[in-house]
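Dear colleague,

Please find the structure below, handed over for your review. My findings follow directly after it.

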Amino acid sequence: MTTAVSLSAEAIADRVRDAQTRGARLRIAGAGTWLDAGRPVGSSEELSLAAHTGITEYTPGDLTLTARAGTTLREIRDAVSPHGQWLALDPFGSDEGTLGATIATASAGPLATRFGTPRDLALGLEFVSGRGATVRGGGRVVKNVAGFDLTRLLTGSWGTLGVITEATVRLHARPEADVTLAVSPSDDRIDVGGVRAALKRWPFVPLACEVVNDSLGRELGLGGEAVVFRLGGNSESVAEQRRAIAELAGGPAREVDPSVWRSLRAADDDATLVLRVSRAPAEVSAAWADATALTAPFASARVSASPARGIVRCATQAVGASIEQYASTLAGLRSRIVAERAPVHLWNAPPLARAADPLQSRIRDAFDPQRILNPGILGERAVS
Ligand SMILES: Cc1cc2nc3c(=O)[nH]c(=O)nc-3n(C[C@H](O)[C@H](O)[C@@H](O)COP(=O)(O)OP(=O)(O)OC[C@H]3O[C@@H](n4cnc5c(N)ncnc54)[C@H](O)[C@@H]3O)c2cc1C
């Protein structure tokens with residue numbers, strides 16, 4: 001059963017309490033563009049917030065905006081761009097994804113290099129807990145820090161602590177100049193550690209910096225392995241940043257169409273398996289070397305890295321036996337692997353298995369003792 005909620009947080013709370021009474025479980029949905037991410041959810045009922053939309057407060061002078069959870073990132077972009085502002089969240093996938101889901105899954109994209117992740121940009125939340133209580137955490141303006149930790153706790157909890165109904169987010173002024181440059185390696189390999197060291201050394205932070213492997217680079221029209229920089233600021237600052245990149249590259253970097261960012265975010269739309277490799281940021285170079293070497297036998301494997309954040313993502317369209325081979329090959333990486341998306345049968349295979357976390361269980365006991373919300377998505381057993 002699917003119900004698109006268009007009424008109020010109270011209507012959502014009623015729906016949760018009703019589920020409680022019936023012993024039912026709810027699968028929370030926003031626009032539904034990423035429902036196959038996370039472990040399979042043990043619920044036949046869907047609580048969709050797709051119709052719970054609308055910007056409820058926007059004061060451009062405060063650089064903050066409050067919107068209902070089902071509001072799409074595109075709607076927010078369209079509302080704030082006439083004021084020269086943006087919500088600097090560009091998660092993989094499309095702008096048709098909702099604000100609530102982006103925060104619930106803590107989804108971040110290339111712009112996180114400069115602006116951080118939803119934990120840095122969500123200032124306050126309203127949510128309905130699994131007990132059916134409507135709770136507000138955080139504030140509507142940057143200086144209000146009361147309850148801030150509650151907002152951070154809910155961010156990235158994948159709907160397991162509460163249904164996010166409304167969020168207040170921090171906006172930024174759009175940079176005057178916004179330029180995208182690509183650097184291809186002069187020899188045959190990119191030195192990701194060198195890129196990370198340069199990022200730390202430079203007195204500026206690019207809006208985004210991603211390294212892409214050969215197959216992803218070709219798909220994006222970059223010709224092969226490349227480092228892509230997005231530079232923002234006033235024109236003098238961007239000119240300065242260009243000079244620093246030319247120094248790193250040993251010659252001027254080529255300017256490319258900014259649509260490359262959109263294509264990069266959409267590249268995984270058809271991926272059957274997306275794994276994120278996390279190591280200490282200082283070890284991103286080793287993670288990249290391991291991931292590119294291990295995925296080399298898989299022709300279409302796309303690997304990308306955010307050197308500033310220490311994250312390497314590996315995606316493939318493989319199916320059948322080759323997807324299992326890909327997953328178990330990558331499991332050999334000496335690092336933490338988080339599956340973002342995987343076919344059902346792979347979730348229980350050792351490479352993706354995850355031990356139950358007692359602290360996480362205790363927090364869920366406080367917010368959703370009957371495990372009504374998204375049961376099973378984080379790998380825990382549903383309470384019967
Ligand atoms: C092809 C594709 C690949 C992606 N890859 C990545 C990636 O690799 N890394 C990454 O970080 N992001 C990724 N995303 C993330 C995605 O862009 C965001 O999470 C978000 O924008 C999806 O929005 P949605 O409304 O369609 O979410 P939905 O698909 O509706 O929901 C996504 C998840 O969020 C939960 N949820 C939705 N709304 C709420 C709410 N109001 N309260 C609580 N929980 C809620 C759902 O239960 C579900 O588990 C990808 C998206 C797509 C389409």
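Is Arg218 buried, partly exposed or exposed? Arg218 is partly exposed, its relative accessible area being 49%. Please note that the model is a predicted one.

**Salt bridges**

Arg218 forms a salt bridge with Asp214, with 2.8 Å from N to O. Both residues belong to helix α8 (residues 214–219), where they stand four residues apart, about one turn of the helix. Asp214 is partly exposed as well, with a relative accessible area of 33%.

The pair Arg364 and Asp368 also meets in a salt bridge, at 3.9 Å from N to O. Here Arg364 has a relative accessible area of 2% and is therefore buried, the cut-off being under 20%. Asp368 is buried too, at 0% relative accessibility.

A further salt bridge links the side chains of Arg371 and Asp365 (2.9 Å, N to O). Arg371 counts as buried at 7% relative accessibility, whereas Asp365 is partly exposed at 38%.

**A buried arginine without a salt bridge**

Arg27, which is located in strand β2 (residues 26–29), is buried yet has no salt bridge. The side chain of Arg27 does reach the backbone oxygen of Leu35, at 2.8 Å. Among the residues that Arg27 touches are Val41, Ser43, Glu45, Leu47, Asn374 and Ile377.

**A buried threonine**

Thr155 is found in the loop between α6 (148–154) and β9. Thr155 is buried, with 0% relative accessibility. A polar atom of its side chain lies 2.7 Å from the backbone oxygen of Thr151. Residues touched by Thr155 include Ile103, Ala104, Pro118, Arg119 and Leu125.

**The five-stranded sheet**

Strand β9 also takes part in an open, antiparallel sheet of five strands, ordered β4-β5-β9-β7-β8. Its edge strands, β4 (55–59) and β8 (134–138), each pair on one side only. On average, neighbouring strands of the sheet are turned by 15° against each other, direction ignored. Within the sheet, β5 (residues 64–68) pairs with β9 (residues 162–170) in the antiparallel sense over five bridges, and Thr66 stands opposite Thr168 in β9. Helix α2 (residues 73–80) lies across β4 and β5, at about 35° to β4.

Yours sincerely

Conventions:
Residues are numbered from 1 along each chain as its sequence is written. This is a predicted model: local features need pLDDT of at least 70, side-chain atom pairs count only at pLDDT 80 or more; totals for chains, interfaces and linings use all residues. Side-chain values use heavy atoms; hydrogens and water are left out. Two strands pair if DSSP finds at least two bridges between them. Helices (H or I, at least four residues) and strands (E, at least two) are DSSP runs, numbered from the N terminus. Axes are lines fitted to C-alpha atoms, for helices over the stretch in contact, and angles run from 0 to 180 degrees between N-to-C directions. Contact means heavy atoms within 4.5 Å. Buried means under 20% relative accessible area, exposed over 50%, partly exposed in between (1.4 Å probe, protein chains only). Lys and Arg count as positive and Asp and Glu as negative; His and the chain ends are not counted. A salt bridge is a side-chain nitrogen of Lys or Arg within 4 Å of a carboxyl oxygen of Asp or Glu. A polar contact is a pair of N or O atoms within 3.5 Å; within protein, one must be able to donate a hydrogen and the other to accept it, and residues adjacent in sequence count only if both atoms are side-chain atoms. Lists of a residue's contacts leave out its neighbours within four places in sequence.
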